[in-house]
Amino acid sequence: RPYLILIYLIIALWLGGARAARAGKFLVPAGLVISGLLTAALAVEPPLYAALLIEMSALVSIPVLAPPGKPVSRGVLRFITFQTLGMPFILSSGWFLPVVVVDPLSEPIVTAIVLLLLGFAFVAAIFPFHTWLITLTGEINPYAAAFIFFIVISNIALFGINFINRLEWLRNFSLLYSILGMMGGLMVLTGGLWAAFQRHLGRMLGYAIQVMIGSSLLALSLGAPGISANPSSSVGIEFFLAFFLPNGLALAIWALALAIIRSHTQDLMFRSLRGLAHRLPFSSAGLLAAHFSLASLPLLAGFPLYLSLFTRLSASSFLVALFSGLGVGGLMIGALRTLTILFSNPEGRIAWSITESRFQAALLILGVMLLFIMGLIPQTFHSLLNISIP
């Protein structure tokens, strides 16, 4: 129930900004269809059939990512290819995994778990199958790409939790949570380090999304020795749900600001964006606020959650916490480099002006205010969703 509240609240925020981002006429209808399919995926019986609904949602998203009359980008082709390749692995693992297991380390069970992990790695853009994510955000409208990613990947994660929760021996299999923690730490580390040296704002958004995926895996790894059906009794699920709203809001603001910037520039390379904040102040401020929030800057929405997450990780696995901290630090360096480029004005040659429309400016101001409010009083939002984060 808390997740359904979150998903439709986030969808309302995303669809409300579709016009300002000029994301195309297919985003709103496709977004409503995708939300219905993915909500059904959480309730379908048996849960294994949810994989087919997730594949249908990926197919429905194609008109959003590649509108009719425009060439299909490499990122879109990779996206649908990886989504389709992941389904056979997930379905076959479900057929092989028994309900009751005596020895979780027997050869058939290990094979089934490997198939399951491979399937989710394909569909959830987990390293090393995340290349489509970086390509996609650098080639098409950032708002459409970020929306499809967020709604599809988030529901894939919930499908995975539901799948694991149905098998008692699997949710009590401690090695699974160690694998999630290592994969999450690797995603955060590599995404943050690449973001620190990136010179294209679209691809930098892709690396930030990679860090988001990694932080979600780290959150779920805290569910050991088991993920419970009741969110209030599982630290991993509580952290996952708590990350959902601030990350979704920051991603929406970042994608909206980037889409506006993209409509006013030739490309999103740093060389074309020098001093752009003097012409697009609201878009630049919104992009930077969202970037710093995902990099856990104090006073913004992401900081309280990352602080709690790293505190718990350091107690269970100091090495994973260290690598994850380095990744988030790399994302922070990328934000500082972006700040320097956007506000640089050699010899004062660029005069201040406002190019955004009033609607665009109002959405960005509202979003940034919410990021600060959620960073200052996070307990209020957690209590509304029956989530308790220490």
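What follows is a set of questions and answers about this chain.

Modeller: Before we start, this is a predicted model, in which local features need pLDDT of at least 70 and side-chain atom pairs count only at pLDDT 80 or more, while totals for chains, interfaces and linings use all residues. Residues are numbered from 1 along each chain as its sequence is written, and side-chain values use heavy atoms, with hydrogens and water left out.

Colleague: How many helices are there in the chain?

Modeller: Helices are DSSP runs of H or I with at least four residues, strands are runs of E with at least two, and both are numbered from the N terminus. Counted in this way, the chain has zero strands, and its number of helices is 18.

Colleague: What percentage of the residues in the chain is buried?

Modeller: Buried means under 20% relative accessible area, exposed means over 50%, and partly exposed lies in between, with a 1.4 Å probe and protein chains only. Of the 390 residues in the chain, the buried part is 59%.

Colleague: Are α9 and α12 roughly parallel or roughly antiparallel?

Modeller: Angles under 35 degrees count as roughly parallel, over 145 as roughly antiparallel, 65 to 115 as roughly perpendicular and the rest as oblique, where axes are lines fitted to C-alpha atoms, for helices over the stretch in contact, and angles run from 0 to 180 degrees between N-to-C directions. The axes of α9 (residues 142-166) and α12 (residues 201-221) come within 12 Å and cross at roughly 15°. The two helices, α9 and α12, are therefore roughly parallel.

Colleague: Which residues of α12 make the contact with α9?

Modeller: Contact means heavy atoms within 4.5 Å. From α9 the contact is made by P142, F149, F150 and I161, and from α12 by L205, I209, M212, I213 and L220.

Colleague: And how are α11 and α12 arranged, roughly parallel or roughly antiparallel?

Modeller: The axes of α11 (residues 174-196) and α12 come within 7 Å and cross at roughly 160°. Therefore α11 and α12 are roughly antiparallel.

Colleague: Is L118 buried, partly exposed or exposed?

Modeller: L118 is found in helix α7 (residues 107-123), and, leaving aside its neighbours within four places in sequence, L118 is in contact with F89 and F129. Because its relative accessibility is 30%, L118 counts as partly exposed.

Colleague: How far apart in space are L118 and F129, C-alpha to C-alpha?

Modeller: In sequence, L118 and F129 are eleven residues apart. In space, their C-alpha to C-alpha distance is 9.4 Å.
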